[in-house]
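Please consult the sequence and the structure shown below.

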Amino acid sequence: MSEQKLQSQTVQTTGHAWDGDLQEYNNPLPVWWVYTFYATVIFAIVYWTIYPSWPFGKGWIGGVSNITYVNSEGETKTHSWNTRALLMEDMNKAAVAQKPYFDKVSAMSYEQIAKDPDMSGFILSSGKALFADNCAPCHQAGGQGVVGFFPNLTDDDWLYGGSFDTIHETLMGGRRGYMPTFSEVLSGEQIDQLANYVASLSGVDHDAGKAAAGEVLFHSETAACYYCHTNNGTGRKDMGAPNLTDNIWLWADVPAAGGAGGKVAAIRSVIANGLNKGVMPAWAGRLSPEQIKVLTVYVHELGGGQ
Amino acid sequence: MQTGLEDQLGLYQKRIPIFTRSVKGRFRRFKTSVLALAYAIYFLLPWLPWSRLDAPAQAVLFDLPGRRFLIFGLTVYPQDVIWLALLLFIAAILLFFVTGLVGRAFCGYFCFQTLWTDFFIWIEHKIQGERPARVRLYRQPWDREKVLKVGGTHALWMLASFWTGLTFVAYFTYAPQLVLDFFTAQAAAAAYITTGILTLSTYAAAGLMREQICTYVCPYGRFQSVMYEPETLAVHYDARRGEAAHGRAAARAGQRTLAERHEKGLGDCVDCGLCVQVCPVGIDIRDGLQYKCISCGLCIDACNTIMDSFEFPRGLIRYDSEKNLASAEPAAPKVQWKRLKTIGYGVALVLMSAYLVYSVATRGSFDRAVNQIRQPLYVVLSSGDIRNRYQIRITNKAAQDQTYVFSARGIPADALDLGNFREITIKPGHSGLVQASVRLSPAVAAKTQHFELIITPLGKPAEARSEKVRFDTPGKRQ
């Protein structure tokens, strides 16, 4: 076989012979392959000079290619080329582009911002992004909240007040909503009476007899509901005590509960168990003053404010 | 034994050079007029001034960074892409329509490949002389004369190509500034790249490749062939008249007049070959209708010139239909449009063009989008009322600042709340966002499924546009 091949083709051998007649053809690599290989070598050397490549001491050889950008403080930064510097370049470009708007935000009053069509457009878009990043996990993407957990920001009821200043205060310092547990103080029957009374305040189906007894309890020192919710049940904004007479339900999911019994039961459970989960974190220090100002206006516009 | 591959014919034929003879006549005049008109429009349009408040004073400017196309008094935005689609449809149907009637008229008279090739041949003719001189120059060794003449031709071609490329770029930026920047190396990279690509492709297509573009590259020439019908007018050689019983023959003594030729059974064709010499795609029309023919009509002009000089009747080569040529007694050729296909294309053309004109003439001065905010779909307020919110985006397409006011129809007068913006003023070409909310009592809300939001440009009640929007309520609808 090999003899036949050797006869039919005239290919050079490497000159070695093993086991008597075992030889190796000298087939050089195809020319295109060799030149491609040389080209890759040249490419690599060019690449090393332009881009970061070899580790060197505690750092690396940066290459001659640089990325230069101006940050929002006006400082010029230069890095050797790397993907992080690319990202920083993009981020700073965006920050520089936004800066005039944020400068305007800090210079203008809330009312001025809300009434300027140009700024209002900026608030709508930048506020939406800030809200989505920071607020939406609890208050949901559109600010609609979750009944029983997080307040709805799009309605016209403001637990702590809906003015620009109170919203700003809420954002800066956070809030902590609290209602004591009454199951240890009151009997089950008393709680039922109170629940019927609260239902009656918002016109939800209830037992009139129990509600009358509940009204007495509401204003008595035993339950002392009126301390926080006031005599007529309209709540106190300085401490975030909700208005019980409106159609908005924060903790007890009354609209979704089935039948008159179910609705009263939902209220009963809130009175019996109390609340210690109305926690809103403070954002001062986490967001810049301009960002908080943008969010203040954004949240104010969500529900129309007060 | 296998013969070597080198003995076989190559797969690709080498181009046979074509040296066209110039000719005078109706079709030549028509082609020259179209060329002059098309070049005047293409090369001068970017330099036509047009005063504008917010854009460079250029009549036709495709402002890509500004996302707008300024065409005289009209500003077209990307949202108007339907116009472009319609325009392309109209162009396609127009091509089908015309091809069905008079064949490849687009190829022969209007295609830019034909126009630029024609112009380049004209340059060649001016420098190197008439056909015989060019053939002689081609065969001549590379001496001083040939280098100068051929080099000069190519240099002028290159110049024409360059100006073609630069003119194209001038449609996309303010032309005087572009030319200034271009030669001071300050223009955008895109300008240099585009000009470079167009210069080279124009030079290659019109100077070097010429008819090969039509024969091998262009798809339109191919698919226009299938639109030919027996009634379609095309450039035809009247073989029956030209060949008669004993074929064509030169006009020698004894067969010079029609009477002598007819007696001998000779055709009217004197076989002068002029129709072949003038053909820009290098075919012999006497071989019959063929795919390379771009129907430029130059062979008709050439043949008519010869027929006139012999005092034979004109029209040995003429626009005629296959059907007419094949009939026993051919009538005078005429455009035959009474066919279902042609009428169909015609109707489609008229309808689409009418719609395009209507759409451009009556377009609103602004674009609007009213989106219901879906998170949440509705809000129950403390009074029990239901509120839906909407985001209104308005793009001002007019040429000046415009104020817009909002109103609603189908809901109580006080239900629409626009917060801080009863009206909004928007700069030309810009967009504005407005938040609106609608508040309805539960009883009204249950009955309201939709209402109309009306946006009125201040002082132009005729341009008001209304938008039907949804109103959502909790629970099931009655």
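Helices (H or I, at least four residues) and strands (E, at least two) are DSSP runs, numbered from the N terminus. Axes are lines fitted to C-alpha atoms, for helices over the stretch in contact, and angles run from 0 to 180 degrees between N-to-C directions. The model is a predicted one, in which local features need pLDDT of at least 70 and side-chain atom pairs count only at pLDDT 80 or more, while totals for chains, interfaces and linings use all residues. Residues are numbered from 1 along each chain as its sequence is written, and chains are lettered from A and ligands numbered from 1 in the order in which they are written.

**Helix packing in chain A**

Helix α8 (residues 188-201) of chain A packs on helix α11 (residues 259-273) of chain A at an angle of about 120°, the two axes being 8 Å apart. α8(A) and α11(A) are therefore oblique to each other (under 35 degrees is roughly parallel, over 145 roughly antiparallel, 65 to 115 roughly perpendicular and the rest oblique). Residues are in contact if their C-beta atoms, placed from the backbone, lie within 7 Å. The table gives the residues that make this contact.

| Helix | Contact residues |
|---|---|
| α8(A) | A:Ile191, A:Asp192, A:Leu194, A:Ala195, A:Asn196, A:Val198, A:Ala199 |
| α11(A) | A:Lys263, A:Val264, A:Ile267, A:Arg268, A:Ile271, A:Ala272 |

By class, the residues of the contact of α8(A) with α11(A) are nine nonpolar, one polar and three charged (Ala, Val, Leu, Ile, Met, Phe, Trp, Tyr, Cys and Pro count as nonpolar, Asp, Glu, Lys and Arg as charged, and the others, Gly among them, as polar).

α8(A) spans 20 Å from its first C-alpha to its last over 14 residues, close to the 20 Å expected at 1.5 Å a residue (1.5 Å times one less than the number of residues). Eleven of the 14 residues of α8(A) are buried, that is, 20 or more other C-beta atoms lie within 10 Å of their own, with C-beta atoms placed from the backbone. These buried residues pack against α9 (208-218) and α11 of chain A. Just after α8(A), A:Gly203 has a positive phi of about 75°.

**Chain B and its interface**

Chain B contains 17 helices and 14 strands, and 28% of its 478 residues count as buried. Contact with chain A involves 18 residues of chain B and 20 residues of chain A. On the side of chain B that touches chain A, β7 (379-380), β11 (423-426) and β12 (431-440) each supply at least two residues. β12(B) gives the most, with four residues. That side of chain B has eight nonpolar, ten polar and no charged residues.

Conventions:
Two residues are in contact if their C-beta atoms, placed from the backbone, lie within 7 Å. A residue is buried if 20 or more other C-beta atoms lie within 10 Å of its own, exposed if 12 or fewer, and partly exposed in between; C-beta atoms are placed from the backbone.
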